[in-house]
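Could you look over the points below alongside the coordinates?

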Amino acid sequence: MKNRAVRAFVHHWASHTGAAAVQVVSPADEPRLIEEALAAGEIQEVVDGRYYARSFVKDTARSEERTFVATGNPGDRGIYNNWVPSDQIRPKVEALMKGASAGKVMYVIPYFMANPGSPLAKWAVGLELTDNRLVVLHMLRMTRVGPEYLDAIEGDVFVRGVHVTGDLDQLNHGTPEDTRHFVTFADERLILHFGSSYGGNALLGKIAHGLRQASYDGYASGEFLAEQFMLIGIHDKQTGRTRYIAGGFPSASGKTNLAMLVPPKALAGRFEVTFLGDDITWLYVDPADGRLYGFNPEFGVFGVAKDTNEITNPNAMKAVGPGSGSLLTNVAYNEVTKQVWWEGLTPKAPRDVAGWRDWKGELISDRPPELQAGGPGHEWSHPNSRFTARLANVPNLSEEWSNPRGVPIDAIIFGGRVHDREPLIRALPSLAAGVYDGLTLGTEATAAAEGKAGVMRYDPMSMRPFMSYAEGPYASHWLDLIGRCRKPPVFAHVNWFQRDDGRYIWPGYAENLRPLLWLLDLAEGKVKGVDTPVGVLPAADELNLSGLSLAPSDLERLLSYDPALWREEAARRQEHLAQFEELPEEMWKAHRDLVAKLARAAKSP
Ligand code: SPV
Ligand code: MN
């Protein structure tokens, strides 16, 4: 690698971590690294050119408590970003990393979070140093890798990432002495992650650079937004047009399924959904046409395996299918047949348990007979088990995926899991109402996750775990940036999760295309909708329901709202918003508008 700043950085950290050797990675190294990882037992073969890995049992997900944003400016402290002063945390992380890669190879991964030629190219260049070969194999799928990306730059404008695995058995996970540290020094564009080799904790291009660092850069420069959004095209074969929707949904609430959607039979003749991204979108305004453009900075999909099957996500099944070279992590593995299984892949776990091991590596046949079929608390796979596939393997990948400019965004949607209050879809009448809706986005804690089941966890813009600066300025930046559009996108809130006594009222998955088509019709004035205090809802006859049988009472529930529940929600939002300093007045005004409309709605019969 030619860049002097790159060489200096590598020298410094190789010496600090005590690595035994340094290797620069390019895609040509993939076959060799696979061979080495197989030989070392780090991965195992899955039938037809795929690979299986297990992570350390206590290292299976992101850890929000151990993730920090550090800067030199106390004004960057927000409610959710876990801000710490850089000078306080830097010595701690550096001490933990000192000598911690002794005897290991330090892999140098030059990567790029955009398409070459992107107007945001300057923010997309990164360098990850890691002492873990499996992390390299993931990065080769999740990012564009190659020394040329860093050789092309002048000076030192690249994100510097150092990942040191540490002795995973000795990190005191979940105790007051927990030594894991995942720190983004946002004003220095430096990422130091110590103590995990899993997912976003270790693949630094993804959420550390792609979300935390990039959203800070976007704010500091005033030029862009980086959000945990999926990005799709909806192509209408009748008109020949494709319109684009970006959407924020909290982690693990169906973004990948939505982005890979195959239209239901009755709509498939006319519409096609094309995949741009399933987890991250960078957004900017092109002054040439005054439109908001978005692109996916990633090169692959790191998707939740649980419940992925031919019905919920047929395209994902193909993306991880034979010959795809995909990696599967923490699912169940059969060491005899070399097959994989996860909860929801089929209704029941394989009946013949011979050769099967659960995600911890334990033989299913060693379990007492009544626990061999799995079930709550005894799952074969981990709930955060994942597949890692290249975008090139996603069957509905958009032709525009490699367009350096990205795609013009027609609509922005937000959605969480809400069992009673949120209608199927409600369009929001203005930019301020849309940003307000994003800031008050919430999802109900499920029994499996943290928090009390059913209790609302607010997750602003679905960025709560990835916030890098304070929420007030964050809202201002949104208003400012999208306010520059001459043709701004429409905003809407969606909810696939309304329940009636536990039963989901809306079938979800492929059917989710229907409310999105309504939104696009509304944006073009083809339908009018029904004006309510919470936004514009579809009239029952405006939703294309052909081929779907839905009880009229269910449809009515999906397309209505309950003012009493919304008044309770408005009171919670008041508290939620009051935490944020320097919240722009437009947000309070949007909140007061909602409260006033709800009060009037309550008085009418
Ligand atoms: C998420 O948790 O939102 C992810 C997976 O996308 S990870 O990269 O591990 O954060
Ligand atoms: Mn995510």
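**Notes on the model**

1. Tyr333 has Arg357, in β22, as its bridge partner. Strand β20 (residues 332–334) pairs with β22 in the antiparallel sense over 2 bridges, where two strands are taken to pair if DSSP finds at least two bridges between them. Helices (H or I, at least four residues) and strands (E, at least two) are DSSP runs, numbered from the N terminus.

2. The open sheet consists of 3 strands in the order β21-β20-β22, with antiparallel pairing. Its edge strands, each pairing on one side only, are β21 (340–341) and β22 (356–357).

3. On provenance, this is a predicted model, in which local features need pLDDT of at least 70 and side-chain atom pairs count only at pLDDT 80 or more, while totals for chains, interfaces and linings use all residues. Residues are numbered from 1 along each chain as its sequence is written, chains are lettered from A and ligands numbered from 1 in the order in which they are written, and side-chain values use heavy atoms, with hydrogens and water left out.

4. Gln228 lies in the loop between β12 (225–227) and β13 (229–236), and Asp279 in the loop between β15 (271–277) and β16 (281–286), so the pair ties together parts that are 51 residues apart in sequence.

5. Gln228 counts as buried at 2% relative accessibility, and Asp279 is buried with a relative accessible area of 11%; buried means under 20% relative accessible area, exposed over 50% and partly exposed in between (1.4 Å probe, protein chains only).

6. Helix α11 (residues 431–439) has 7 of its 9 residues buried, so the helix is largely enclosed by the rest of the structure.
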